[in-house]
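Thank you all for coming.

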Amino acid sequence: QGSELSGWAMGRWTYEGIDLNHNFADLNTALWDAEDNDLVPHEFPNHYIPIPEYYTFANATVAPETRAVIDWMQRYPFVLSANLHGGELVVTYPFDMTRTYWKAQELTPTADDGVFRWLATVYATSNLAMASEERRLCHYDDFTRFGNIINGANWHTVPGSMNDFSYLHTNCFEITVELSCDKFPHASELPNEWENNRESLLLYMEQVHRGIKGVVRDGDTDQGIANAIISVDGINHDVRT
């Protein structure tokens, strides 16, 4: 069909007909409802939000790929992640789902908006294609006006995204990188795509060294404490050891 003529949805659905891009549990709605009722964080957590029971049923519309990724995320304490898409040149950051359910676009920042904007900017400013003064618009959105980054929900709402799930269910901060205007580049173009993204990927991974690091220990035994909750004043999103 031609590398740029296959449509935005090509490759998104599994054999079972499930769109993996929207297949994670919606934890946003539960959090926002609890916030609206002043239940956070005393009666409802602002992090490590549990997966709803309906999502765990055997007949739930959850792809085996999605279940496998969730199991992987629960077994390893990732703190930084990126998922890679094609079809645009922009880096998006959570939240991906609009807080006003009927809006298709709405600025919906997380409690860690400054960190997410930094992470997105690190990638976008070091990506050769995004940073090029000669870059063209991929389609009709001019992301160069925003430094080639955008809050995901302010672009288009994505309920059930992996980014939002990672942030609300684990300690992991995750962004989406739209790598190229061309959703399906030809094999001959892959070396150039790699050069465009190599430094960005390395610099992004280096961001794990930002922030506070250490071990929470018992004052008497000096043993590490699992599941200790770390709170930062002014940020309504805790993390755990």
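This is a predicted model: local features need pLDDT of at least 70, side-chain atom pairs count only at pLDDT 80 or more; totals for chains, interfaces and linings use all residues.

Residues are numbered from 1 along each chain as its sequence is written, and side-chain values use heavy atoms, with hydrogens and water left out.

Let me start with the helix pair; helices here are DSSP runs of H or I with at least four residues, strands are runs of E with at least two, and both are numbered from the N terminus. The axes of α4, residues 113-126, and α8, residues 190-206, come within 8 Å and cross at roughly 150°, where an axis is a line fitted to C-alpha atoms over the stretch in contact, and angles run from 0 to 180 degrees between N-to-C directions. α4 is therefore roughly antiparallel to α8, a term applied to angles over 145 degrees. As for which residues meet, α4 contributes Leu119, Val122, Tyr123 and Ser126, and α8 contributes Asn196, Asn197, Glu199, Ser200, Leu201, Leu203 and Tyr204, with contact taken as heavy atoms within 4.5 Å. By class, these contact residues comprise six nonpolar, four polar and one charged; Ala, Val, Leu, Ile, Met, Phe, Trp, Tyr, Cys and Pro count as nonpolar, Asp, Glu, Lys and Arg as charged, and the others, Gly among them, as polar.

Helix α7, residues 162-169, is mostly covered, seven of its eight residues being buried, that is, under 20% relative accessible area with a 1.4 Å probe and protein chains only, whereas exposed means over 50% and partly exposed lies in between. Among the buried residues of α7 are Asp164, Phe165 and His169.

Now to arginine 12, which sits in the segment before α1 (28-36) and counts as buried because its relative accessibility is 18%. Its side chain makes polar contacts (N or O atoms within 3.5 Å, one able to donate a hydrogen and the other to accept it) with the side chain of aspartate 19 at 3.0 Å and with that of histidine 22 at 3.4 Å.

Finally, aspartate 142 lies in the loop between α5 (128-131) and β3 (149-151) and is partly exposed, at 25% relative accessible area. A polar contact of 2.4 Å joins its side chain to that of threonine 144.

Conventions:
Angles under 35 degrees count as roughly parallel, over 145 as roughly antiparallel, 65 to 115 as roughly perpendicular and the rest as oblique.
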